[in-house]
Amino acid sequence: MFETKPEVFFSAHVDTGGYGIVWNTELDLESNELWYNGQTENSPCNNLLSFGTATSQWGLSESTLRKAISYGKLIPGRDCCKYGKQWVITKVAMLREYGQPQIPPDEKHLSAAEKEHPYSNS
């Protein structure tokens, strides 16, 4: 059994190439283990999409979203926000204004919860 050693815990780092988490030569955690057995953490960021992702999934142009902001259809700070040069929008706002997407998200990159309900408001 492993002893409790804070220095080992805090020595964790991402394996070269991003294939897992490594603590030392005896202890590591493969990325597949994290993917299949990890737990999804709810975060406000889970429901954010870049304008590029949103427009490709809904079959729109980015100018459509920018015009929706200028016309008051999308409210900055509630529905969307600009971080540096990048605009993001909530899934809720996209669903409200444009309905279900035409092209579903790539399932390879979804958590188990998102695969089950990819457009939920959670």
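Let me begin with a definition: a residue is called buried when its relative accessible area is under 20%, exposed when that area is over 50%, and partly exposed in between, with a 1.4 Å probe and protein chains only. By that rule R96, at 41% relative accessibility, counts as partly exposed.

The structure before you is a predicted model, in which local features need pLDDT of at least 70, side-chain atom pairs count only at pLDDT 80 or more, and totals for chains, interfaces and linings use all residues. Residues are numbered from 1 along each chain as its sequence is written, and side-chain values use heavy atoms, with hydrogens and water left out.

I start with the overall layout. The chain contains six helices and six strands; these are DSSP runs numbered from the N terminus, helices being H or I with at least four residues and strands being E with at least two. Read from the N terminus, the order of the elements is α-β-β-β-α-β-α-α-β-β-α-α. Of the 122 residues in the chain, 24% are buried.

Next, the salt bridges. A salt bridge here is a side-chain nitrogen of Lys or Arg within 4 Å of a carboxyl oxygen of Asp or Glu. The structure has five of them.

Where does R96 find its salt-bridge partner D79? The closest N and O atoms of D79 and R96 are 3.0 Å apart. D79 lies in the loop between α4 and β5 (80-83), whereas R96 belongs to helix α5 (residues 91-98), so this pair ties together parts that are 17 residues apart in sequence. D79 is buried, with a relative accessible area of 2%.

R96 also forms a salt bridge with E97, where the closest N and O atoms are 2.8 Å apart. E97 is partly exposed, at a relative accessible area of 25%. Through shared partners, salt bridges join K73, R78, D79, R96 and E97 into one network.

Another salt bridge links the side chains of R66 and E62, at 3.3 Å from N to O. These two residues are four apart in helix α4 (residues 62-70), and therefore about one helical turn separates them. Both R66, at 42% relative accessibility, and E62, at 32%, count as partly exposed.

Let us stay with helix α5 for a moment. In α5, the residues K91, A93, M94 and L95 are buried. The helix is followed by G99, whose phi is positive, near 75°.

I turn now to the cysteines. How many disulfides are there? With a disulfide defined as a pair of cysteine sulfur atoms within 2.5 Å, the count comes to zero. The sulfur of C80 is 7.5 Å from the closest cysteine sulfur, in C81, which is too far for a bond. C80 is buried, with a relative accessible area of 4%, while C81 is partly exposed, with 28%.

Finally, the surface. D15, D28, E30 and E33 form a negative surface patch. Patches are made of residues with over 30% relative accessible area and no salt bridge, like charges being joined within 9 Å and nonpolar side chains (Val, Leu, Ile, Met, Phe, Trp, Tyr) within 5 Å. Asp and Glu count as negative, Lys and Arg as positive, and His and the chain ends are not counted.

How values were computed. Areas by Shrake-Rupley, 256 points an atom, 1.4 Å probe, with all protein chains shown as cover. Charge placed at Lys NZ, Arg CZ, Asp CG, Glu CD.
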